Amino acid sequence: MVRRTRQEMIEETRRKLIASARVILTREGYADAAMEDFTGSAGLTRGALYHHFGDKKGLLRAVVETVEGEMDGRLEAAADGSHDLWEALGRRCRLYLEMALEPEIQRIVLRDAPSILGAAYTQASERKCLVSLSSLLSRLMAEGRAKAGDPETLARMINGALVDAALWIADGDDPQARLANAVDTLGLLLSGLESGR
């Protein structure tokens, strides 16, 4: 029998609590989820939650960071999966809008994180996305594929439009129809950036 190190046990406890919280937060939402829900389904005590995350809000922060990390990975993979930078930009933006249909992202990232963790967390999280989007726009401009402009400002404007559209999609009675509308409109928006248009 292989003995686990203390660090491995700590990481396993954290993973269990985060996995449990992801399910419960998606189903119940932050306001209706109780500490016992997180610890009970993970087979752990409240003490473990307090030790690793401080409180319920700390656990939410860890869950949001995990989910957003996965989202970032998916967005990067969508962009990297294309050999054409213009197509990469479109794929990345469309995927972000499509993710607004996923219950976990709707509840945890789009609804609970901004209202519970506040603007400071949201802005810090947004900065990571802006760096990669700015980089992609810079490359498009350097290749002459996109109109010249300030890539960071443009990234902020595109990101703001995407976040607002994602919230709109997630809040609707017919999210599929809203997604289709948003994707069509995204094409109009991005075509205005394309050099030679």
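Predicted model: local features only at pLDDT ≥ 70, side-chain atom pairs only at ≥ 80, totals over all residues.
## The largest pocket

By class, the residues that line the largest pocket comprise eleven nonpolar, three polar and four charged. The pocket holds about 380 Å³ of space. Its lining consists of 18 residues, and E68, Y96, V109, S125 and V163 are those that lie nearest the centre.

Which helices each supply at least two residues of this lining? They are helix 4, which covers residues 56-80, together with helix 6 and helix 7. Helix 6 provides the largest share of the pocket lining, with ten residues.

## The largest cavity

The structure also contains one cavity of 30 Å³ or more. The volume of the largest cavity is about 60 Å³. Its lining is made up of L75, R92, C93, Y96, C129, L133, N159 and L162. Sorted by class, these lining residues are six nonpolar, one polar and one charged.

Three helices each contribute at least two residues to the cavity lining: helix 5 (85-99), helix 6 (103-142) and helix 7 (151-171). Helix 5 gives the most, with three residues.

## The bend in helix 6

How far does helix 6 span between its end C-alpha atoms? The span is only 38 Å, whereas a straight helix of 40 residues would span 58 Å at 1.5 Å a residue. Helix 6 also bends by about 125° at G118.

Just after helix 6, G144 adopts a positive phi of about 80°.

## The overall fold

The secondary structure of the protein chain amounts to eight helices and zero strands. Along its principal axes, the C-alpha trace of the chain spans about 60 × 40 × 30 Å.

An α-helix has 3.6 residues a turn, so residues three or four places apart point the same way.

## Contacts of aromatic rings

How many aromatic pairs does a search of the whole structure find? The search finds zero such pairs. An aromatic ring does, however, take part in a contact with a charged group. The charged end of K56 sits over the ring of Y30, at 4.4 Å from the centre of that ring.

Key
Residues numbered from 1 in each chain as written. Heavy atoms only, no water. Phe/Tyr/Trp six-rings, centres within 6.5 Å; stacked < 30°, edge-to-face > 60°. Lys NZ or Arg CZ within 6 Å of the ring centre and 35° of its normal. 1 Å grid on protein atoms, 1.4 Å probe; cavity = no way out; pocket = protein on both sides within 12 Å on 5 of 7 lines; lining within 4 Å. Points joined across faces, edges and corners; volume = space filled by probe spheres on them. Helix = DSSP H or I, 4+ residues; strand = E, 2+ residues; numbered from the N terminus. Nonpolar A, V, L, I, M, F, W, Y, C, P; charged D, E, K, R; others polar. Expected span 1.5 Å × (residues − 1). Bend = angle between axes of the 7 residues up to and from the residue.
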